[in-house]
Amino acid sequence: MLDWVKLVVVLINYFVHHSWTISSTTTSINAKNHHVQLGLFPPSCERIECPTYDLIEAGKDYEIRRYNSSMWMSTAPIDDISLVQATRTGFLRLFDYISGENYYNEKIEMTAPVLTEVKPSDGPFCASSFVVSFYVPKANQPNPPPSQSLHAQKWGETYVAVRQFGGFVSDTDVGKEAAALSASLQGTVWLDAIMNSHRGENTTMYAVAQYNSPFEFEGRVNEVWLTFDKYNDAVAKSGYMRL
């Protein structure tokens, strides 16, 4: 109960202070996810910093992006049966970090997205493993404040297959969105690249990117990501644009 109270208090204080839009809509909250128009630029990225990427290809129901080198602060793996609960747990640790609970006692600006990497379990009643990450602002990337409970992840150039969906993220729908992304990539060189990059893994790992404050009820943008190593032949055949 204390964790829930803390979550509500810190989110209200932080998101209001940092001008995240709080919708005044009277529409009831609909927890059912729905596919949104691909290529929608998350409105939150117009207000706070987001990682930059090159758009390699826009296919049917998917995008291929190349993310530039970046730094992320990440939790240790969190074992849980719920992505939603694991993300809450991880976000509380990340919130403490950006609020100054780090070795430099330094406050750090909020960014988007909050990224939850998922290693699915072998069964429906087994705990999956989740790592929740915060994109470090460019101003802090040369020397991100260290933390006892978090670790820094240095991303090199990273390729990602992306599917966007709206609504509030729920445990019942994230697996369906990941499967839909995989289905949309069937017959492409990108799926081959993904399979080659994760060869030998027992389960298919994916990530869920959430861009919105929990108090935004409309215009929500979420993404499911499948990462992979550089695939030279495919990239060479694709025109791309920087975003």
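At 63% relative accessibility, N105 counts as exposed, where exposed denotes over 50% relative accessible area, buried under 20%, and partly exposed the range in between (1.4 Å probe, protein chains only). N105 is placed in the loop between α2 and β6, and has a positive phi of about 50° although it is not a glycine. The structure is a predicted model, in which local features need pLDDT of at least 70 and side-chain atom pairs count only at pLDDT 80 or more, whereas totals for chains, interfaces and linings use all residues. Residues are numbered from 1 along each chain as its sequence is written, and side-chain values use heavy atoms, with hydrogens and water left out.

Of its 243 residues, 50% count as buried. Among contacts (heavy atoms within 4.5 Å) between residues at least 6 apart in sequence, 79% join residues at least 24 apart.

The largest nonpolar core comprises 56 residues. Such a core is a set of buried Ala, Val, Leu, Ile, Met, Phe, Trp, Tyr and Cys residues joined through side-chain atoms within 4.5 Å. The members that touch the most other members are I64, A161, L185, Y206, Y211, W225 and F228. Helix α2 (residues 83–98) gives the most to this core, contributing 7 residues. With neighbours within four places in sequence left aside, A161 is in contact with E63, I64, L181, L185, I194, V224, W225, L226 and F228. I194, one of these partners of A161, also belongs to the buried residues of helix α4 (residues 189–197), which are W190, L191, A193 and I194. Viewed down the axis of α4, these buried residues fall within an arc of 160° and therefore line one face of the helix; the arc is that of the directions from the helix axis to the C-beta atoms.

Y211, another of the core residues with the most contacts to other members, is located in the loop between β10 and β11 (222–228). Its relative accessibility is 4%, so Y211 counts as buried. The C-alpha atoms of Y211 and C50 are 9.1 Å apart in space, although the two residues are 161 residues apart in sequence.

C50 takes part in a disulfide with C45, with an S to S distance of 2.0 Å. A disulfide is defined here as a pair of cysteine sulfur atoms within 2.5 Å, and by this rule the count comes to 1. The link of C45 and C50 is left-handed, with -90° about the S-S bond. Both cysteines of the pair are buried, C45 having a relative accessible area of 16% and C50 a relative accessibility of 13%. C126, by contrast, is partly exposed, with a relative accessible area of 41%.

Strand β6 (residues 114–119) pairs with two strands, where pairing requires at least two DSSP bridges. It runs antiparallel to β7 (residues 128–135), to which 6 bridges join it, and K119 has S129 as its bridge partner in β7. Strand β6 is also antiparallel to β10 (residues 206–210), with 5 bridges between them; here the bridge partner of L115 is A209.

The loop between β6 and β7 includes A127, which is partly exposed with a relative accessible area of 44%. Apart from neighbours within four places in sequence, A127 is in contact with D79, D80, I81 and S121. The C-alpha atoms of A127 and D79 are separated by 5.6 Å, the residues being 48 apart along the chain.

Further backbone features lie in loops. The peptide bond from A112 to P113 is cis, with omega near 0°, and P113 is found in the loop between α2 and β6. D61, in the loop between β2 (53–59) and β3 (62–67), has a positive phi of about 70° although it is not a glycine. With a relative accessible area of 30%, D61 is partly exposed.

Notes. Helices (H or I, at least four residues) and strands (E, at least two) are DSSP runs, numbered from the N terminus.
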